[in-house]
Amino acid sequence: MSVSDFLKHTTATWMKEDGPESDIVISTRIRVARNLSASPFPVLATENMAQEVLSKVTNAVMSDEFAALGKFEVLKIGEIGNIDREALVEKHLISRNLVEDSRVGAVAMRSDEVVSIMINEEDHLRIQVLYPGFQLEDGWNLATAVDDALEQRLEYAFDEKRGYLTACPTNVGTGIRASVMMHLPGLVHTNQIGRILSAISQVGLVVRGIYGEGSDAIGNLFQISNQLTLGQSEADIIENLAVVAGQIIAHERTARKQLVMENRDSIEDRVCRSFGILANARKIDSKETMQRLSDVRLGIDLGMIQGVSANILKELMVITRPGFLQKYAGVELAPQERDWRRASLIRERLQIDR
Amino acid sequence: MDCSECGNRPATVYFTKITNGSKTEMHLCEVCAKEKGELLGTTPNGFSINSLLAGILNFESQGIPVSAPQTLRCNTCGLTFNQFSQIGRFGCSDCYQAFEPRLDPLLRRIHGGTTHTGKIPARSGGVIQKRREIDQLRHQLNDRIQKEKFEEAASLRDQIRALESELGGSPNVSE
Ligand SMILES: [Zn+2]
Ligand SMILES: [Zn+2]
């Protein structure tokens with residue numbers, strides 16, 4: 001199979017399509033934790049209890065009320081092959097926790113992979129909406145609609161004072177975790193990222209690197225999410241995150257302008273050099289891949305690299321991970337083999353646009 | 001009761017162990033419990049989720065320390081407050097009621113707030129929704145009375161009465 005066919009068959013909506021502010025915001029994710037009353041949380045559930053939760057949720061997902069929300073399929077983690085499971089984690093559709101620690105774990109997946117409902121993770125239900133670009137409000141609107149449709153058939157653990165009851169006290173109340181994944185090379189290269197990150201953590205938000213931690217995030221990709229779930233309404237939580245993310249977008253744009261004004265030649269050298277390496281290397285590890293991809297994406301956004309789709313960052317950050325590489329190869333690969341395969345997959349992907 | 005091992009310190013941890021069908025109970029202090037716990041492959045301060053699981057589901061046969069009765073305990077799933085504070089996870093939704101006396105400081109430390117002000121379940125939350133509306137109307141009512149806007153106050157009072165009678169009149173409002 002060619003890389004382009006492979007991408008057509010396996011990519012999630014967030015990887016294929018653009019959204020608002022797509023030059024900086026890669027994706028928006030809303031996760032909502034819910035539990036059924038009268039059943040212990042997954043950590044204490046026996047196999048039978050977990051099965052019962054799964055069948056209740058499956059019935060709700062397959063009900064008539066749910067049909068209006070799209071076409072869903074329930075996949076049991078235990079029945080998916082290792083490599084395919086890994087690929088779902090790499091596409092950010094399910095958590096590693098669901099794969100590794102869950103008993104009778106499953107996911108109800110919408111066919112466009114925008115909605116995925118994890119079952120028997122840390123909570124009975126983790127509703128996830130994953131959109132391309134900056135779409136916090138739409139994301140919440142869809143998540144709450146999915147939540148309402150599930151609640152038509154399920155009895156939730158809800159308390160008037162504490163809200164939606166969750167296994168971990170850090171999620172109780174609204175149970176909502178909203179986040180945006182941002183590409184911030186301008187703030188990193190102008191050495192402003194540390195200051196921004198510490199400011200963010202003072203307004204009730206959490207930042208982490210998607211790959212690597214803190215200001216050393218590999219590939220300059222950061223995920224910013226709300227920390228608090230109790231005491232504020234969902235609308236306030238979303239609004240607070242949207243305002244702060246909006247400010248970061250503005251800072252990132254200013255930083256990119258500053259880079260071009262003050263260091264055009266060295267930035268151009270950097271991004272073109274990275275493109276040369278991705279287009280020609282025969283062997284590359286995942287860390288270097290992310291660094292070079294970030295450079296190339298910046299070069300595309302600044303108009304220094306032409307004729308290459310801006311989507312390569314999203315596509316390649318996912319399909320060069322071990323699970324996808326092996327899915328594409330069709331066989332299991334030892335770590336050293338992956339570096340060779342990764343380089344050849346990247347070269348092939350770049351040739352599609354040329 | 002003093003520790004049955006050293007006899008020096010008060011017993012705060014109870015072990016029950018079944019060996020070859022015969023049951024031994026040990027009442028130990030923290031220090032001795034820790035030693036015993038290590039021998040048995042479990043420690044009171046930091047046992048793994050697996051041993052906790054085993055312990056909760058099958059207390060007697062596992063030699064898991066059972067905390068002294070004065071600690072809070074969820075009758076539905078068996079989790080004690082001490083176990084909760086070690087693993088940082090509730091065992092079931094009833095744990096919230098069982099540990100209620102100790103939750104406010106914890107939640108305040110994590111979230112700042114202690115009370116949910118967000119979404120209410122659309123289908124089953126009708127009663128709560130009405131109570132919230134009544135609360136809001138009462139605030140408005142007080143405000144109008146203070147400002148001596150009695151006509152508006154009277155209409156608010158009618159709305160509150162109407163909502164209250166809906167709540168009182170049909171006990172199955174939530175359905
Ligand atoms: Zn002792
Ligand atoms: Zn409980």
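**Exercise 1. Secondary structure of chain B**

How many helices and strands does the secondary structure of chain B come to?

Solution. This is a predicted model in which local features need pLDDT of at least 70, side-chain atom pairs count only at pLDDT 80 or more, and totals for chains, interfaces and linings use all residues. Residues are numbered from 1 along each chain as its sequence is written, chains are lettered from A and ligands numbered from 1 in the order in which they are written, and side-chain values use heavy atoms, with hydrogens and water left out.

Step 1. Apply the rule for elements: helices (H or I, at least four residues) and strands (E, at least two) are DSSP runs, numbered from the N terminus.
Step 2. Chain B then has 8 helices and 3 strands.
Step 3. Read from the N terminus on, their order is β-β-α-α-α-β-α-α-α-α-α.

**Exercise 2. The zinc site**

Describe the surroundings of the zinc ion (ligand 2).

Solution. 
Step 1. Donors are N, O and S atoms within 2.8 Å of the metal (3.2 Å for Na, K and Ca); water is not among the atoms, so sites may look incomplete.
Step 2. The SG atoms of Cys74(B), Cys77(B), Cys92(B) and Cys95(B) are the protein donors, at 2.3 to 2.4 Å from the zinc ion.
Step 3. Along the chain these donors follow the spacing C-x2-C-x14-C-x2-C.
Step 4. The pair Cys77(B) and Cys95(B), 18 residues apart, links distant parts of the chain. Cys77(B) sits in the loop between strand S3 (65-67) and helix H4 (81-87) of chain B, and Cys95(B) in helix H5 (residues 95-98) of chain B.
Step 5. Buried means under 20% relative accessible area, exposed over 50%, partly exposed in between (1.4 Å probe, protein chains only). Cys77(B) counts as buried because its relative accessibility is 13%. Cys95(B) is buried too, at 0%.

**Exercise 3. Chain A as a whole**

Solution. 
Step 1. Chain A has 14 helices and 10 strands.
Step 2. The radius of gyration is taken over C-alpha atoms, and the globule rule is 2.2 Å times the number of residues to the power 0.38.
Step 3. For 354 residues the rule gives 20 Å, and chain A has 21 Å, close to that value, so chain A is as compact as a globular protein of that length.
Step 4. The C-alpha trace of chain A spans about 65 × 45 × 35 Å along its principal axes.
Step 5. Buried residues are 58% of the 354 in chain A.
Step 6. A contact means heavy atoms within 4.5 Å. Of the contacts in chain A between residues at least 6 apart in sequence, 71% join residues at least 24 apart.

**Exercise 4. Two domains**

Where does the division between the domains of chain A fall?

Solution. 
Step 1. Domain bounds come from an automatic or database domain assignment. Domain 1 covers 3-252 and domain 2 covers 253-352.
Step 2. Taken over C-alpha atoms, the domain centres are 26 Å apart.
Step 3. Across the division, 40 residues of domain 1 are in contact with 35 residues of domain 2.

**Exercise 5. Helix H12 of chain A**

Is H12(A) mostly covered or uncovered?

Solution. 
Step 1. In H12(A), 8 of its 8 residues are buried, and the helix is mostly covered.
Step 2. Among them are Ile312(A), Leu316(A) and Lys314(A).
Step 3. Glu315(A), in helix H12 (residues 312-319), is buried because its relative accessible area is 10%.
Step 4. Not counting residues up to four places away in sequence, Glu315(A) touches Leu7(A), Met15(A) and Arg349(A).
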